[in-house]
Amino acid sequence: MIIVSDTSPINNLAAINELHLLQQLYQTVIIPEAVYRELTDPDFPVAGGTEVQTFEWIQTRSAQGVTS
């Protein structure tokens with residue numbers, strides 16, 4: 001199953017070292033480009049920023065490219 005996520009689940013699960021739960025439940029997680037930018041802002045580092053850049057199962061797409 002594939003899901004689309006906003007910032008909070010990724011940030012909060014990464015903060016408690018449980019981000020792997022999303023992969024276990026859904027295999028692939030899609031995030032909009034705006035979520036990627038929010039998590040990877042170099043001026044405001046947050047939990048999950050490194051993970052969205054390195055985990056292959058977290059994919060970034062434009063909001064127009066996300067369909068049900």
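Modeller: Glutamine 27 sits in the loop between H2 and E2. This is a predicted model. Glutamine 27 has a phi near 65°, a positive value in a residue other than glycine. Most residues other than glycine have a negative phi. Glutamine 27 counts as partly exposed because its relative accessible area is 44%, which lies between the cut-offs of 20% and 50%.

Now look at the other loop. Asparagine 17 lies between H1 and H2. Asparagine 17 is not a glycine, yet its phi is positive, about 55°. Asparagine 17 counts as exposed because its relative accessibility is 63%, and exposed means over 50%.

Next comes the helix itself. H2 covers residues 20-26, and leucine 22 lies in it. Is leucine 22 buried or exposed? Leucine 22 counts as buried because its relative accessibility is 8%, and the limit for buried is under 20%.

Leucine 22 also belongs to the largest nonpolar core, which has 13 residues. Leucine 22 is among those with the most contacts inside this core, along with Ile10, Leu19 and Ile31. Which elements give two or more residues to the core? They are helix H1 (7-15), strand E2 (28-32) and H3. H1 provides the largest share, three residues.

Leucine 22 and valine 35 are 13 residues apart in sequence. In space they are 16 Å apart, C-alpha to C-alpha.

Terms used:
Residues are numbered from 1 along each chain as its sequence is written. This is a predicted model: local features need pLDDT of at least 70, side-chain atom pairs count only at pLDDT 80 or more; totals for chains, interfaces and linings use all residues. Side-chain values use heavy atoms; hydrogens and water are left out. A nonpolar core is a set of buried Ala, Val, Leu, Ile, Met, Phe, Trp, Tyr and Cys residues joined through side-chain atoms within 4.5 Å. Buried means under 20% relative accessible area, exposed over 50%, partly exposed in between (1.4 Å probe, protein chains only). Helices (H or I, at least four residues) and strands (E, at least two) are DSSP runs, numbered from the N terminus.
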